[in-house]
Amino acid sequence: MLNIDELRILQKMRSTKHYIEFTFPGMYSVLYNTQDGGILCAQCANAHFDQTCDEDDPQWYIIGYFIHWEGASVYCDHCGEECKSEYGEIED
Ligand SMILES: [Zn+2]
């Protein structure tokens, strides 16, 4: 669940028709959550903008976003691009 500020940011990105790729400051990669539990990179989210706003298309409908802080890499479910975590893998 997004908090109200995050929801506002998501709505703002929708209204400008542009999903941010990096935070500023920080330049952390921003990834997007789809309704079906998938992950999209910003490039794919922007390339398929109309679908990301379509509630009837759970593979594309974006419900949130996040920064992948730590742990193993995650992959975009569309293009397969690897997104390494910002802090790297956690050592036991
Ligand atoms: Zn992608």
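**Notebook: sheet, zinc site and overall form**

I began with the sheet, which is open and has three strands in the order β2-β1-β3 with antiparallel pairing; strands here are DSSP E runs of at least two residues, helices are H or I runs of at least four, both numbered from the N terminus, and two strands pair if DSSP finds at least two bridges between them. I noted that this is a predicted model, in which local features need pLDDT of at least 70 and side-chain atom pairs count only at pLDDT 80 or more, while totals for chains, interfaces and linings use all residues. Residues are numbered from 1 along each chain as its sequence is written, and side-chain values use heavy atoms, with hydrogens and water left out.

Back at the sheet, I looked up the edge strands, β2 (39-41) and β3 (62-67), each of which pairs on one side only. Neighbouring strands are turned by 35° against each other on average, direction ignored, where axes are lines fitted to C-alpha atoms (for helices over the stretch in contact) and angles run from 0 to 180 degrees between N-to-C directions. I then followed β1 (residues 30-34), which pairs with β3 in the antiparallel sense over five bridges; the bridge partner of N33 in β3 is G64.

Next I checked what packs on the sheet: helix α1 (residues 4-16) touches β1 and β3, and its direction makes about 110° with that of β3, contact meaning heavy atoms within 4.5 Å.

At the zinc ion I found C41, C44, C76 and C79 coordinating through their SG atoms at 2.3 Å; donors are N, O and S atoms within 2.8 Å of the metal (3.2 Å for Na, K and Ca), and since water is not among the atoms, sites may look incomplete. The angles among the four donor atoms are 105 to 115°, and the site is tetrahedral, a label given to four donors if all angles lie between 85 and 135 degrees. In sequence the donor residues are spaced C-x2-C-x31-C-x2-C. I compared two of them for accessibility: C76 is buried at 5% relative accessible area, whereas C79 is partly exposed at 42%, with buried meaning under 20%, exposed over 50% and partly exposed in between (1.4 Å probe, protein chains only).

Last, I looked at the whole protein, which has three helices and five strands, following the pattern α-β-β-α-α-β-β-β along the sequence. Its C-alpha trace spans about 40 × 25 × 25 Å along the principal axes, and buried residues make up 33% of the 92 residues.

Note on methods: Four donors count as tetrahedral if all angles lie between 85 and 135 degrees; four count as square planar and six as octahedral if opposite donors are over 155 degrees apart and all others between 65 and 115; anything else is irregular.
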